[in-house]
Amino acid sequence: MCTNRRPDGHPKGSCGEKGAEALQRDIKSAVAQAGLHHTVRVCARSCIDLCWKGISVAVMPDKAFLGGTTPEDIPALVEALGKPEPISEHAVLREKLVKPEEFDDPARDVVKLGTRRSE
Ligand code: FES
């Protein structure tokens with residue numbers, strides 16, 4: 001999950017300033033308490049280029065991206081991670097999925113992930 005932190009007041013904002021570091025620790029702890037720490041890794045990483053949707057979480061191998069993730073999502077996230085179904089099938093988390101059309105930064109002239117600027 002993104003824990004990138006930009007300086008306060010940066011126009012792009014960042015998941016870090018929205019509390020991503022604490023959320024990452026809390027999700028990691030909840031995963032361990034649920035006994036999932038042998039199969040689920042809660043990794044902190046830098047920007048995944050969904051800043052406007054942050055706090056951003058990429059769930060692999062489900063190829064799912066969550067946006068606007070909050071501490072209130074932790075129980076649903078842990079429940080979903082403990083099931084074999086893709087996270088996109090979880091009723092609560094489905095609302096948090098970043099839709100393909102939402103991958104474009106509304107504040108910049110950016111192309112969709114996986115394409116080139118010239119396309
Ligand atoms: S700062 Fe979190 S996705 Fe960019």
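Visitor: In which loop is D49 found?

Guide: This is a predicted model, and D49 is found in the loop between α1 and β1. Its backbone deserves attention: phi of D49 is near 65 degrees, a positive value in a residue other than glycine.

Visitor: Which other residue in a loop has a positive phi?

Guide: Consider K63, in the loop between β1 and β2. Its phi is near 55 degrees, and K63 is likewise a residue other than glycine. K63 is exposed, because 10 other C-beta atoms lie within 10 Å. A glycine case is G35, which follows α1 and has a positive phi near 75 degrees.

Visitor: What is omega for the peptide bond from G54 to I55?

Guide: Omega there is near 10 degrees, and the bond is cis. I55 belongs to the loop between α1 and β1. The peptide bond from M60 to P61 is also cis, with omega near 10 degrees; P61 sits in the loop between β1 and β2.

Visitor: What pattern does the chain follow along the sequence?

Guide: The order is α-β-β-α, made up of two helices and two strands. For confidence, the chain averages a pLDDT of 90, and 90% of the residues score at least 70.

Visitor: How far apart are the end C-alpha atoms of α1, and what span should its 14 residues have?

Guide: At 1.5 Å a residue, the helix should span 20 Å; the end C-alpha atoms are 20 Å apart, so the two values agree.

Visitor: Why do the buried residues of α1 line one face of the helix?

Guide: The general idea comes from the helical repeat. An α-helix has 3.6 residues a turn, so residues three or four places apart point the same way. In α1 the buried residues are A20, L23, Q24, I27 and V31. Seen down the axis of α1, they fall within an arc of 100 degrees, and therefore line one face. The face turned away from this buried side carries the exposed residues A22 and Q33.

Visitor: What do the buried residues of α1 pack against?

Guide: They pack against α2. In helix α2 (residues 74–81), L77, A80 and L81 are buried. Seen down the axis of α2, these residues fall within an arc of 95 degrees, so they line one face of that helix. What covers them includes α1.

Visitor: Which residues have the most contacts inside the largest nonpolar core?

Guide: They are A20 and I55, in a core of 20 residues. Helix α1, strand β2 and helix α2 each supply at least two residues of this core, and the largest share, four residues, comes from α1. Leaving aside neighbours within four places in sequence, A20 is in contact with M1, C2, T3, C15, G54 and I55.

Visitor: Along the chain, how many residues apart are K12 and D105, and what separates their C-alpha atoms?

Guide: They are 93 residues apart along the chain, yet their C-alpha atoms are separated by 9.6 Å. K12 lies in the segment before α1.

Key: Residues are numbered from 1 along each chain as its sequence is written. This is a predicted model: local features need pLDDT of at least 70, side-chain atom pairs count only at pLDDT 80 or more; totals for chains, interfaces and linings use all residues. pLDDT is the predictor's confidence in each residue, from 0 to 100. A residue is buried if 20 or more other C-beta atoms lie within 10 Å of its own, exposed if 12 or fewer, and partly exposed in between; C-beta atoms are placed from the backbone. The arc is that of the directions from the helix axis to the C-beta atoms. Two residues are in contact if their C-beta atoms, placed from the backbone, lie within 7 Å. A nonpolar core is a set of buried Ala, Val, Leu, Ile, Met, Phe, Trp, Tyr and Cys residues joined through C-beta atoms within 7 Å. The expected span of a helix is 1.5 Å times one less than its number of residues.
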